[in-house]
Amino acid sequence: MNKKTGLFITLEGGEGSGKTTQGNQLVHRLKEMGYPVVWTKEPGGTDIGRSLREVVMSNRHKDMVPETELLIYMADRTQHVKSKILPALRDGKIVISDRYHDSSVAYQHFARGVPMTTLNFLFRELAGGLIPNITFVLDMAPETAIRRIKKRGITDPASLSKFEEEALPFHRKVRHGFLKIAELEPERVKVIPADRPREEVFQQISRHLSALLPSNGENSHESF
Ligand code: TYD
C-alpha cells in the first residue's frame, strides 16, 4: 500500500459469523498501531444508506423481488463508495467494511438467482467496480451460526431481519457462494474458519494482513 492510495479491507460471511466482533478488534488494534482507520459497513455506511437499510432489511418486505433487493444494495454501495470509501482511500486511510460487493454476489446471485452479468454491470457502472485489497470470509456452518444468533437472546421475532428468518437452504447457498468467490479469487479472498475461539480467528486475519500493511503507522513496528 502506498500512503496516498490507502488500503481497502472487507469482512464477509453469513449472519452470526462474527464479522462485526472481528472488525471491531481489528480497528482497535490498527488504531493502536497508529494507522488512520475508517470502520464502516453495508448496508448503512452513510446517512442515505441507513434509510435504504431499513427498507431492504425490514421483515415487512418479505415480498421484495430479488432485483429490487439488488438495486437497493447497489444504491447503498454507490453512495458508500463515492461519498465515503474513495475519499478515505485517497487520504491514505485504511478502510474496513463489514460487508461489501461479495455479499451481493453471495446473497443476490448465488442465493436469489440474479444473473452475474446484471451484478457485474451495475457494480462497474454505478459503484465504479472498486475491488478490495483483501477480503476475509468468516466461514461457518449455517447451523452453528443460527444457534449463535439465537443465543444473542433475540426473543421477539419482529426484531429479526428478513434474512435471519430465511430457512437453512438459503443460508447454505450463501455459504457456498462465498466459498466459490474465494475459489475464483484466492489472492484477494481468504477463507477463515470462524467456529474457532475468537483469538484464533483474529490471529489468522492478522497473519494475512501484516504482509499488506504499510510502514506509516506511528507504532507500526509493533506486530499484531
Ligand atoms: P447485517 O445486520 O449487517 O447482518 P450481519 O450482522 O449478519 O452482517 O445485515 C445485512 C444483511 O444484508 C445480511 O443479511 C446480508 C444482506 N446483504 C445482501 O443480501 N446483499 C448485500 O449486498 C449486502 C451488503 C448485504
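**Entry 1: a loop residue**

Where does arginine 99 lie? I found arginine 99 in the loop between β3 (94–98) and α4; helices (H or I, at least four residues) and strands (E, at least two) are DSSP runs, numbered from the N terminus. Before going on, I noted that this is a predicted model, in which local features need pLDDT of at least 70, side-chain atom pairs count only at pLDDT 80 or more, and totals for chains, interfaces and linings use all residues. Residues are numbered from 1 along each chain as its sequence is written, and side-chain values use heavy atoms, with hydrogens and water left out.

I checked the backbone of arginine 99 next: its phi is positive, about 80 degrees, although the residue is not a glycine. Most residues other than glycine have a negative phi, so I marked this one.

Is arginine 99 buried or exposed? Arginine 99 counts as buried because its relative accessibility is 13%; buried means under 20% relative accessible area, exposed over 50%, partly exposed in between (1.4 Å probe, protein chains only).

**Entry 2: the ligand**

One of arginine 99 lies 2.8 Å from a ligand oxygen atom, and one of lysine 19 lies 2.5 Å from a ligand oxygen atom. For serine 104, I noted a side-chain N or O atom 2.6 Å from an oxygen atom of the ligand. The protein buries 91% of the 540 Å² that the ligand exposes when taken alone; accessible areas come from the Shrake-Rupley method with a 1.4 Å probe, and for residues only the protein chains shown count as cover.

How many residues surround the ligand? I got 14, with Glu15, Lys19, Arg53, Ser104 and Gln108 the closest; a residue belongs here if one of its heavy atoms lies within 4 Å of the ligand. The elements giving two or more residues to this shell are α2 (47–57), α3 (66–90) and α4 (101–111). The largest share, four residues, comes from α4.

**Entry 3: lysine 19**

Back at lysine 19, I placed this residue in helix α1 (residues 19–32). Lysine 19 counts as buried because its relative accessibility is 8%. I also compared lysine 19 with phenylalanine 136: they are 117 residues apart in sequence and 8.9 Å apart in space, C-alpha to C-alpha.

**Entry 4: a peptide bond**

Last, I looked at proline 43, found in the loop between β2 (37–41) and α2. A cis peptide bond joins glutamate 42 to proline 43, with omega about -10 degrees. Most peptide bonds are trans.

Definitions and conventions
Polar contact = N/O pair within 3.5 Å; in protein donor to acceptor, adjacent residues only side chain to side chain.
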